Amino acid sequence: MTDTNRVVIVGGHGKIALLAAGKLKSAGYTVDSVIRNVGQSDAVRAVGGNPVVLDIESANIEQLASVFTGANAIVFSAGAGGGNPARTHAVDYEAATRAMAAADQAGVRRFIMVSYATASEDIHRLDSGDAFYPYARAKHDADAKLRESTLDYTILGPALLTTEPATGKLTRTEDAGSDWTDDRRVTSRENVAEVIAHVIKADASVRQTVNFYDGDTPIADVMGR
């Protein structure tokens, strides 16, 4: 049986994840935040989340499914942080695809993926020797795998992340013309957290990829109501 008030955030100690947990908690959701290190528990509790210690790099589908069972939505906001291509692939692609399979096995249809705005293009324009390429490849391939699934996904693609407060307003990259990737195009992490909370509460942008940056349009109008 699905608990419509429970969300599981994978990668629960990340900056966006902690912000999202707090917003979801304020909206009346129970939030289980999957973390790798028990030492991260206090930070999760401080924002209203329930820490669930599980190393997603080694966890199998059944272990993930046992955590997901009964949830209304899964948010995948984990990442290896770059620097190690093998670990980037293990977390940003392999663990992500296991999480998709686990959601399906657990009967959780709603799956929110935190990606980045140029994930679909970077592997075509970056040299394979570029230090950023392993991350771009992993995110591109994980997003593609999610689109192939039968899950009710939303893939979120923010631009360069900042620590600025949320404005509650965005612009879709597709509405910005060809020069949107210049350095002025940034996205507040708190705005991303607001988007996560909105698409779950409103069941918005289902089976859509939405790439965006801080802009002038209210989140509900960008993402749907």
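A nonpolar core here is a set of buried Ala, Val, Leu, Ile, Met, Phe, Trp, Tyr and Cys residues joined through side-chain atoms within 4.5 Å. Buried means under 20% relative accessible area, exposed over 50%, and partly exposed in between, with a 1.4 Å probe and protein chains only.

Some housekeeping. This is a predicted model, where local features need pLDDT of at least 70, side-chain atom pairs count only at pLDDT 80 or more, and totals for chains, interfaces and linings use all residues. Residues are numbered from 1 along each chain as its sequence is written, and side-chain values use heavy atoms, with hydrogens and water left out.

First, the cores. The largest nonpolar core has 31 residues, and those that touch the most other members are Ile-56, Phe-68, Ile-74, Phe-76, Phe-111 and Met-113. Strands S1 (6-10), S4 (73-76), S5 and S6 and helices H3 (61-68), H4 (85-106) and H6 each give two or more residues to this core; helices (H or I, at least four residues) and strands (E, at least two) are DSSP runs, numbered from the N terminus. H4 supplies the largest share, eight residues. Another core, of 28 residues, lies apart from this one and includes Ile-9, Ala-21, Ile-196 and Ile-219.

Take Ile-56. Leaving aside residues up to four places away in sequence, Ile-56 touches Val-10, Val-34, Leu-64, Phe-76, Ala-78, Val-91, Ala-95 and Arg-98, contact being heavy atoms within 4.5 Å.

Next, strand S6, residues 152-158. Six of its seven residues are buried, so S6 is largely enclosed by the rest of the structure. S6 pairs with S5 in the parallel sense over five bridges; two strands pair if DSSP finds at least two bridges between them. Phe-111 has Tyr-153 in S6 as its bridge partner. S6 also runs parallel to strand S10 (residues 208-214), joined by five bridges, and Leu-156 stands opposite Val-210 in S10.

Last, the aromatics. Which residues form one aromatic cluster? They are Tyr-116, Phe-132 and Tyr-135. Rings of Phe, Tyr and Trp (its six-membered ring) pair if their centres lie within 6.5 Å; planes under 30 degrees apart count as stacked, over 60 as edge-to-face and the rest as tilted. The structure holds three aromatic pairs. One of them, Tyr-116 with Phe-132, is edge-to-face, at 5.7 Å centre to centre and 80 degrees between the planes. Tyr-116 lies in the loop between S5 (110-114) and helix H5 (122-125), and Phe-132 in the loop between H5 and H6 (133-148), so the pair ties together parts 16 residues apart in sequence. Tyr-116 counts as buried because its relative accessibility is 12%; Phe-132, at 35%, counts as partly exposed.
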